[in-house]
Every structure is written in structure tokens, then in C-alpha cells.
Amino acid sequence: MSEKLPSLRIGNLESDNPIVLGGMSSGLTKSELAAEIANNGGYGTIGGVGLGMSLDIRNRDDYFQANESVLKYEIQSALEASNNGNIGVNLMVAATDYENSVRVAVENGAKFIVSGAGLPLSLPDYVEKYRVSGIPLPELIPIVSSVRAAEIIIKKWGKRPNPILPAAFVIETPNAAGGHLGVTNIDDIGKDEFSLESVIPKLVETLENSGYDIPVIAAGGIWDRGDVEKMLKIGAKGVQMATRFLTTNECGASQAFKDRHLHNTDPIVIIKSPVGMPGRAIENDFVRRTNLGERFNLGPCVGCLRGCGYRENKLAGYCIIRALDNVHRGDVENGILFTGSNSNRLKEDEAAGIASAGQIMRELTGAKL
Ligand SMILES: Cc1cc2nc3c(=O)[nH]c(=O)nc-3n(C[C@H](O)[C@H](O)[C@H](O)COP(=O)(O)O)c2cc1C
């Protein structure tokens with residue numbers, strides 16, 4: 001194994017290596033996985049959306065209360081399990097309880113907030129509003145897919161009476177990442193202009209020319225040490241990885257969900273999500289049936305999104321939060337199995353006897369297995 005990977009500075013935070021866990025919501029990246037990544041020298045991100053689905057949700061009030069209490073519990077547990085390590089949360093702008101989740105993150109000492117699925121233009125306002133004396137404010141990390149989106153954020157955040165800069169940008173490519181993808185036009189997926197190789201050098205140059213010292217973190221399709229080194233070479237200071245950790249022991253999903261990925265023979269496809277963005281997922285029975293126009297009533301609406309393409313009777317014929325929760329619990333043909341373009345490589349780790357996130361981190365960093 002070659003030399004040691006560099007550390008990654010994000011605002012006032014410093015890690016041993018440049019690996020950031022990609023937040024995966026509705027209970028996939030919870031405290032156990034986040035702490036394992038932080039304990040192995042990276043940044044451990046809790047997927048902060050829809051966490052309450054792990055409890056029994058009957059209505060909207062239940063959902064929001066459960067989200068709040070589980071998010072608080074997961075942040076506190078991860079900080080404890082990592083000895084106050086680099087633990088943060090991933091929050092989706094499009095979630096109805098976005099502002100409240102930011103409050104919970106700030107009040108419970110999350111070290112950073114990664115935020116996408118929409119431009120997080122109000123994030124600094126929320127964070128300052130909920131400042132708690134004695135607790136440092138979390139570092140703010142927007143997720144974008146283009147230089148233009150990064151510029152809009154810098155401009156808006158810089159116009160505040162108390163200007164604030166992003167502590168880092170995650171550049172996520174719709175060409176390879178899992179989950180919701182940051183393009184409105186499905187036809188843009190796969191275009192070279194959205195590749196990491198195209199966007200990262202341009203963003204790094206733009207930031208440098210404007211005098212901003214903001215690290216760029218590459219996300220989408222990063223699997224092994226060679227991929228990490230490639231991203232560092234083109235100007236990224238860190239990498240955000242998610243799919244590689246989906247079937248680890250520490251991932252919060254059921255074994256049936258993990259087995260579905262490990263034994264998958266279906267194609268990885270682009271779906272239209274009710275969020276209003278495309279997503280990358282396994283083409284299971286559910287996807288095939290929704291593609292044919294079938295509508296599914298998966299349970300009462302909890303109002304999880306600000307604008308929902310299912311409730312408004314367009315975009316998709318199912319409730320996204322219940323479709324994700326179903327598969328995470330193990331009902332794998334009755335919901336959406338988000339995954340990245342490298343999903344079919346998960347079986348390589350199984351064959352190699354790699355079962356824990358710590359093993360993957362040690363393989364990536366060259367630390368002893
Ligand atoms: C199952 C799954 C769920 C995801 N959920 C979220 C999420 O809730 N919020 C988010 O910003 N990104 C989400 N992502 C994107 C990841 O955080 C990450 O940026 C991306 O998948 C990186 O590409 P990779 O999976 O090829 O490593 C999700 C990805 C997957 C595979």
C-alpha cells in the first residue's frame with residue numbers, strides 16, 4: 001500500500017484521513033456506522049431525514065416527534081461512541097422538518113451539517129438562530145452538482161449581515177451517486193459536464209480565483225483506494241462514500257435489505273422520485289410496476305416533504321418515505337432500493353470477507369486490516 005492519505009480540514013475540524021461517510025437517510029447511516037467511520041479517522045455522517053420511521057408511526061405528529069427524538073439520540077450516541085469525534089448530520093432541504101432538524105443538530109453538538117436535495121440557502125440563518133452558548137456552531141457543507149450552484153450559495157451566504165462561507169462543498173455527480181440526484185432533467189444524467197472529472201477542477205479553480213479556501217469533497221462512484229487517489233489528484237481534498245458501506249454490519253438496514261443488494265441481478269436504473277428529483281435504485285418489482293403507471297398506497301401520509309409529487313398526483317405513484325422504510329425493514333420488493341452505480345460490486349466485499357465499515361476504512365487508508 002502506498003503512502004498515507006492526507007487529512008481533511010473542514011472549517012475548525014480536522015480528520016486523520018479524507019473519507020466522509022455519505023449520509024443515507026431513513027435509518028441506514030445511524031450512530032453505529034457514523035461512529036465506526038469517525039473511529040477510523042474519517043467523518044461520520046448520520047442520515048438525519050426520516051429517522052423516526054424506525055418507530056411505529058401512525059400520523060404526522062408521531063412522525064415529526066419521532067424524527068426529533070431519534071435524531072437527538074443518534075447524534076448523542078455517535079458522539080459518545082466516537083469519544084466526541086467528527087460526527088455530523090445530513091439533512092435534506094426538501095424535508096418539511098428541515099429547520100427543526102437543524103435545531104436538533106445544533107443543540108446536540110453535531111460537528112457538521114451536510115445539506116442537499118435543494119440549495120441550502122437558509123442554512124446559516126437557522127444555525128445561528130439556534131446557537132447554544134458553549135457549543136461551537138457546526139461546520140456547514142452544501143451538496144451541489146455544478147459550479148453554478150456553488151456560486152449561488154456563496155453569494156447568498158455572503159450577503160448576510162454576518163457573512164458565512166461554506167466550510168466545504170460536496171460535489172456529487174448524478175452519473176454515479178445513489179439516492180436522489182441533483183439534476184432536474186433526467187437526460188442530464190450521464191453527461192460528461194456533470195462528471196467529477198469535469199466539475200471538480202472547474203470548481204477548485206473558481207474558488208481559488210475568488211480567494212476562497214474551501215475544500216471540495218468528491219461524491220459518486222468512489223469505491224477503492226485508486227478512486228480516492230484519482231479524486232485527490234484532480235483537486236478534491238476529500239471523498240464522500242456511501243454505497244460501499246450499504247451492506248456492512250454497521251449499516252442500519254435489515255439483513256434482507258443487505259442480502260437483496262448482495263445477490264442482486266436486476267439493473268441499476270434511474271427512477272422519478274416524488275421529491276421532484278431523479279434517483280438511482282435497483283430495478284425491483286416495485287420500480288417495474290410504478291414504471292407501468294401503477295399507484296401504491298403504502299400507508300397514511302406523514303407530510304415528510306414540502307412539495308410531494310405523490311400527494312399532488314404527479315411525478316410518482318407512491319409515498320417515498322414509506323417506500324424507503326419498507327425496504328430498509330426487509331420488504332425488499334415493496335419499495336425503493338436506492339443504491340449507487342457501484343452497487344453490484346458489494347458482492348466483492350462479501351467474497352473477500354469484508355463485513356465491517358472499519359475493515360473498509362482500513363483497506364482504503366492502508367491501515368492494518
Ligand atoms: C441508499 C442511499 C441513500 C442515500 N440517502 C441520501 C440522503 O438521505 N441524503 C443525501 O444527501 N444523500 C444521500 N445519498 C447519497 C450519498 O450520501 C452519497 O453522496 C452518494 O451515494 C455517493 O456515491 P456512492 O454511493 O457511489 O459512494 C444516498 C445514497 C444511497 C446509496
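Trainee: Hi! Which residues is Val 104 in contact with, leaving aside its neighbours within four places in sequence?
Mentor: Val 104 touches Glu 68, Leu 71 and Lys 72 once neighbours within four places in sequence are set aside. Two residues count as in contact if their C-beta atoms, placed from the backbone, lie within 7 Å. Keep in mind that this is a predicted model, where local features need pLDDT of at least 70 and side-chain atom pairs count only at pLDDT 80 or more, while totals for chains, interfaces and linings use all residues. Residues are numbered from 1 along each chain as its sequence is written.

Trainee: Where is the place of Val 104?
Mentor: Val 104 sits in helix α3, residues 98-107. Helices (H or I, at least four residues) and strands (E, at least two) are DSSP runs, numbered from the N terminus.

Trainee: Is Val 104 buried or exposed?
Mentor: Val 104 counts as buried because it has 22 C-beta neighbours inside 10 Å. The cut-offs go like this: buried takes 20 or more other C-beta atoms within 10 Å of the residue's own, exposed takes 12 or fewer, and partly exposed is in between, with C-beta atoms placed from the backbone.

Trainee: How far apart are Val 104 and Ser 273?
Mentor: They are 169 residues apart in sequence, and 27 Å separates their C-alpha atoms in space.

Trainee: New topic, helix α1. How many of its residues are buried?
Mentor: Seven of the nine residues in α1 (31-39) are buried, so the helix is mostly covered. Ser 31, Leu 33, Ala 34, Ala 35, Glu 36, Ile 37 and Ala 38 are the buried ones.

Trainee: What do they pack against?
Mentor: The buried residues of α1 pack against β3 (19-21), β4 (44-47), α2, β5 and α12 (357-365). Just after the helix, Gly 41 takes a positive phi of about 90 degrees.

Trainee: Let's zoom out. How many helices and strands are in the chain?
Mentor: The chain holds 12 helices and 13 strands. Its radius of gyration, 19 Å, is close to the 21 Å that the globule rule gives for 369 residues, so the chain is as compact as a globular protein of that length. That radius is taken over C-alpha atoms, and the rule is 2.2 Å times the number of residues to the power 0.38. Of the 369 residues, 51% count as buried.

Trainee: What does the domain assignment give?
Mentor: Domain 1 covers 9-251 + 349-365, and domain 2 covers 256-329; such bounds come from an automatic or database domain assignment. The C-alpha centres of domain 1 and domain 2 lie 22 Å apart. Their contact takes 27 residues from domain 1 and 20 residues from domain 2. On the domain 1 side, α2 (60-81) and β9 (179-180) each give two or more residues.

Trainee: And which residues have the most contacts inside the largest nonpolar core?
Mentor: Ile 113, Phe 169, Ile 171, Ile 217, Ala 218, Val 239 and Ile 336 have the most contacts in that core of 111 residues. Both domain 1 and domain 2 give residues to this core, so it lies between them. A nonpolar core is a set of buried Ala, Val, Leu, Ile, Met, Phe, Trp, Tyr and Cys residues joined through C-beta atoms within 7 Å.

Trainee: Last one: which residues come nearest to the ligand?
Mentor: Gly 22, Ser 25, Gly 178, Gly 179 and Gly 340 come nearest, out of 29 residues around the ligand. To be near, a residue needs its C-beta atom, placed from the backbone, within 6 Å of the molecule or strand in question. β5 (87-92) and β11 (238-241) each supply at least two residues of that shell.
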